[in-house]
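Try each task before reading its solution.

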Amino acid sequence: MSRVALLLVLAAVLAGCGSSDAKQFTIGAARTYALTQVSPQRFAAGRPQELSFTIRQPSGAALTSFRRGPGPHTGVHVIIVRSDLGLIIHQHPPIGPGGRISETVTLPTPGRYRLVVDAYPAQSGPLRNFQLFRWLIVRGGKPISQPLPPFRPTVTVDGYRLTMRSLPKLQAIRPAFLNLGITRPDGRPAALTPWFGALAHAIFFRSGSLDYFHTHVCAPGMTGCTSVLGPTRVTGRITRPGHLRVGVLLPVGGTWRLFLQCKADGRILTAPFTLSVA
C-alpha cells in the first residue's frame with residue numbers, strides 16, 4: 001500500500017472514532033505467494049539433504065500447476081547462492097503430489113545461503129513468473145566469506161576457456177549484450193547442448209543485497225527465451241559454434257556477479273564474472 005493510500009485509510013478510521021454508528025475498518029496482511037513448509041531448517045556442511053517446500057497461492061491453496069514446454073521458462077528454478085557469491089547451485093526439481101517440491105542438495109561449506117525459487121505458474125494474465133526467497137543456514141564450522149575478485153575476461157573451468165570480449169559499459173534497466181567465446185581444452189570451439197531448456201543460463205546476483213536476475217541463450221527457433229524487466233525485453237542467442245551473445249538487463253546499479261552456466265560435451269560448466277553496473 002502506498003503512503004497516500006495508507007493516510008487516506010487512517011483518516012477514514014480517525015474520522016469515525018467519535019461516532020457510535022461509525023463503520024469499523026480492519027486492515028489485514030496482504031495475501032500473496034509464499035514459501036511454506038520449508039524443510040530442513042538447518043543444513044550440515046557437505047552432507048546431501050533433501051530440500052523441500054510448497055508454494056502457497058494468495059488464495060491459501062498450494063500451487064500445483066506450472067508452465068510446461070521445451071524452453072527454460074517452465075516449472076520451478078531452484079537457485080541457491082552463498083552470501084559472498086562464492087558458490088551457486090542451480091536445479092529444476094520435479095513437482096510432486098499436492099505441489100510439494102523436493103530436491104537433494106549438498107551445501108559444501110558453512111555459512112548463509114540465499115534460496116531463490118523462480119516459479120512459472122500455468123496461469124493466464126500478465127504474471128509470467130515470480131521469485132520467492134529464503135535464507136538457509138549451514139552449520140559445521142566457521143562461515144566462509146571471501147571478497148569478490150575483480151573482473152577477469154577469461155575463466156577456465158575443467159580446461160574449458162570462457163572468454164568475454166569487449167566488455168560494454170553496463171547501466172541499470174538498459175539492455176546490453178556480452179559476447180563470449182567458449183573453447184575446449186584443445187582450443188576448438190565447444191559444442192553446447194541444451195540444459196534445463198537453454199544453451200546457456202546467465203544468472204546475476206548483486207553483491208551485498210543479493211538482488212537477482214536471470215537471462216538465457218537458446219537454440220535457434222526456440223521460443224520462451226526472452227527475459228522481461230518492466231517494458232524492456234532482452235533475448236540472448238548463439239552467433240556461431242562456441243560463441244554466445246548473452247543478454248544483460250539488471251534492475252539497479254552496483255557490483256554484480258554473473259554465473260554463466262552451460263553444458264559442453266556432457267559437462268556442466270559454471271563460469272563466474274564480476275561486473276560493474278552504473
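**Exercise 1. The cores**

Which residues of the largest nonpolar core touch the most other members?

Before you start, note that this is a predicted model, where local features need pLDDT of at least 70, side-chain atom pairs count only at pLDDT 80 or more, and totals for chains, interfaces and linings use all residues. Residues are numbered from 1 along each chain as its sequence is written, and side-chain values use heavy atoms, with hydrogens and water left out.

Step 1. A nonpolar core is a set of buried Ala, Val, Leu, Ile, Met, Phe, Trp, Tyr and Cys residues joined through side-chain atoms within 4.5 Å. Buried means under 20% relative accessible area, exposed means over 50%, and partly exposed lies in between (1.4 Å probe, protein chains only).

Step 2. The largest core has 34 residues, and Leu178 and Phe273 touch the most other members.

Step 3. See which strands contribute; strands are DSSP runs (E, at least two residues) numbered from the N terminus. Those supplying at least two residues each include strand 9 (154-157), strand 11 (176-183), strand 19 (254-264) and strand 20 (267-277).

Step 4. Turn to the other core. It is separate, has 25 residues, and includes Leu35, Phe53, Ile80 and Leu107.

Step 5. Zoom in on phenylalanine 273, taking contact as heavy atoms within 4.5 Å. Beyond its neighbours within four places in sequence, phenylalanine 273 is in contact with residues including Phe151, Val155, Leu162, Met164, Leu180 and Trp256.

As background, nonpolar side chains tend to be buried together in soluble globular proteins.

**Exercise 2. Strand 3 and its partners**

To which strands is strand 3 joined by bridges, and how many bridges are there in each case?

Step 1. Check how covered strand 3 (residues 49-56) is: 6 of its 8 residues are buried.

Step 2. Take strand 1 (residues 34-39), which runs antiparallel to strand 3 and is joined to it by 4 bridges. Here threonine 36 has threonine 54 as its bridge partner.

Step 3. Take strand 6 (residues 101-105), which is antiparallel to strand 3 and linked to it by 5 bridges. Phenylalanine 53 has isoleucine 101 of strand 6 as its bridge partner.

**Exercise 3. Salt bridges**

How many salt bridges does the structure hold?

Step 1. Apply the definition: a side-chain nitrogen of Lys or Arg within 4 Å of a carboxyl oxygen of Asp or Glu. The count comes to 3.

Step 2. Start with aspartate 84 and arginine 82, whose side chains meet at 2.8 Å (N to O). Both aspartate 84 and arginine 82 are buried.

Step 3. Next come arginine 184 and aspartate 265, at 2.9 Å (N to O). Arginine 184 lies in the loop between strand 11 and strand 12 (192-193) and aspartate 265 in the loop between strand 19 and strand 20, so this pair ties together parts that are 81 residues apart in sequence.

Step 4. Arginine 184 counts as buried at 17% relative accessibility, whereas aspartate 265 counts as partly exposed at 34%.

Step 5. Look for a further interaction of arginine 184. Its side chain reaches the backbone oxygen of proline 189 at 3.2 Å.

Step 6. Finish with arginine 188 and aspartate 186, which meet at 2.7 Å (N to O). Arginine 188 is partly exposed, with a relative accessible area of 48%.

How values were computed: Two strands pair if DSSP finds at least two bridges between them. A polar contact is a pair of N or O atoms within 3.5 Å; within protein, one must be able to donate a hydrogen and the other to accept it, and residues adjacent in sequence count only if both atoms are side-chain atoms.
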